[in-house]
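Look at the structure below with its sequence beside it.

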Amino acid sequence: MSARFCLRGLETAVNLEELDLGFNPLTDLGPLATLPALTALNLDGTVAGLEALARLPGLRTLSLRSGGIEDLRPLAGLVSLVELDVGDNHIEDLSPLAGLRGLSVLRADHNRIGNLWPLASLPGLGELSLRGNRIRRLDALSGLARLRTLHVGGNEVTDVSALSGLTDLRELGLAGNAIPDLRPLADLAGLRRLDLRGGEAEDVSPVRALEALIWLHVGGSVIEDLTPLDGLGSLAVAGEEDRESPGDGVNAREH
């Protein structure tokens, strides 16, 4: 079934605000350009050029998962975007997103991303998911003061000191990274959920300072002594009996 047949007639739906075309065999998104009222669009699993999306400046929510996407340049003018999901693609370069200053949620798991500096210009980011990429350094995130949820599991991170000033963080995923020192996390007083699966840190005592913490995962880590956490009555520790191997493939990916 051709994309032209699938989308035929949409040009009359000029007031359409939400559209889900996920996992359809579309190759031409041109007809979408006739829908100026669109604010939410799902194109998951759709292998097609994104050029037509440049003519939809009112989009606020866009999902492009699993589409074989390599180039985000057609999205550079979508300044109304609040939520973007580009997970499970082949993306290396985030620089086209640097001007989307209204972006609050970005999910870009399982790509080929190494450089996070384009995100430093997005002060409104509150949720950022970058599992399973090629990230080594988190310095670019140090100024994102509104971040509440951050997942960087399954990368090549060894130092989390750049996160010490992100005091609004409530959820942090670090599974499958080779991080030897957890002391920078002690300043994250509002943190409630922390994933350390498959980690290399032996000393969990810095976590003792996180009095708001209610969930901690240590499965597959080398942590043996959890007594520093005694007294944190509201804390649930997952993976206490699973510290021999990372499990669930967290060395390569965080699930």
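The model shown here is predicted. A starting point is the interior. In soluble globular proteins, nonpolar side chains tend to be buried together. Here the largest nonpolar core has 74 residues, and Leu32 and Leu194 are the ones with the most contacts inside it. The surroundings of Leu194 can be listed: leaving aside residues up to four places away in sequence, Leu194 touches Leu172, Leu174, Leu185, Val207, Leu210, Leu213, Trp215, Leu216 and His217.

The charged end of Arg193 sits over the ring of Trp215, at 4.2 Å from the ring centre. Aromatic pairs, in contrast, number zero in the structure.

Next come two residues in loops. Is Leu125 buried or exposed? Leu125 belongs to the loop between strand S5 (105-107) and strand S6 (127-129). Its relative accessible area is 0%, which is under 20%, so Leu125 counts as buried. Among the residues that Leu125 touches, again without those up to four places away in sequence, are Leu103, Val105, Leu106, Leu119, Leu144 and Leu147. The list also includes Ser104 and Arg146.

Ser221 is in another loop, the one between strand S10 (215-217) and strand S11 (236-238). Ser221 is buried because its relative accessibility is 2%. A polar atom of the Ser221 side chain lies 3.3 Å from the backbone nitrogen of Ile223.

The last topic is charge. Side chains of opposite charge can pair when their charged atoms come close. The whole structure has 10 salt bridges. One of them joins the side chains of Arg65 and Asp85, at 2.8 Å from N to O. Arg65 lies in the loop between strand S3 (61-63) and strand S4 (83-85), while Asp85 is in strand S4, so this pair ties together parts that are 20 residues apart in sequence. Asp85 is buried, because its relative accessible area is 10%.

Arg65 forms a salt bridge with Asp88 as well, and there the closest N and O atoms are 2.4 Å apart. Asp88 lies in the loop between S4 and S5 and Arg65 in the loop between S3 and S4, so this pair ties together parts 23 residues apart in sequence. Asp88 counts as partly exposed, at 33% relative accessibility.

Another salt bridge is formed by the side chains of Asp71 and Arg73, at 2.7 Å from N to O. Asp71 is partly exposed at 31% relative accessibility, and Arg73 is exposed, with a relative accessible area of 62%. Through shared partners, salt bridges join Arg65, Asp85 and Asp88 into one network.

Technical notes. Residues are numbered from 1 along each chain as its sequence is written. This is a predicted model: local features need pLDDT of at least 70, side-chain atom pairs count only at pLDDT 80 or more; totals for chains, interfaces and linings use all residues. Side-chain values use heavy atoms; hydrogens and water are left out. A nonpolar core is a set of buried Ala, Val, Leu, Ile, Met, Phe, Trp, Tyr and Cys residues joined through side-chain atoms within 4.5 Å. Buried means under 20% relative accessible area, exposed over 50%, partly exposed in between (1.4 Å probe, protein chains only). Contact means heavy atoms within 4.5 Å. Helices (H or I, at least four residues) and strands (E, at least two) are DSSP runs, numbered from the N terminus. A polar contact is a pair of N or O atoms within 3.5 Å; within protein, one must be able to donate a hydrogen and the other to accept it, and residues adjacent in sequence count only if both atoms are side-chain atoms. Rings of Phe, Tyr and Trp (its six-membered ring) pair if their centres lie within 6.5 Å; planes under 30 degrees apart count as stacked, over 60 as edge-to-face and the rest as tilted. A charge sits over a ring if NZ of Lys or CZ of Arg is within 6 Å of the ring centre and within 35 degrees of the ring normal. A salt bridge is a side-chain nitrogen of Lys or Arg within 4 Å of a carboxyl oxygen of Asp or Glu.
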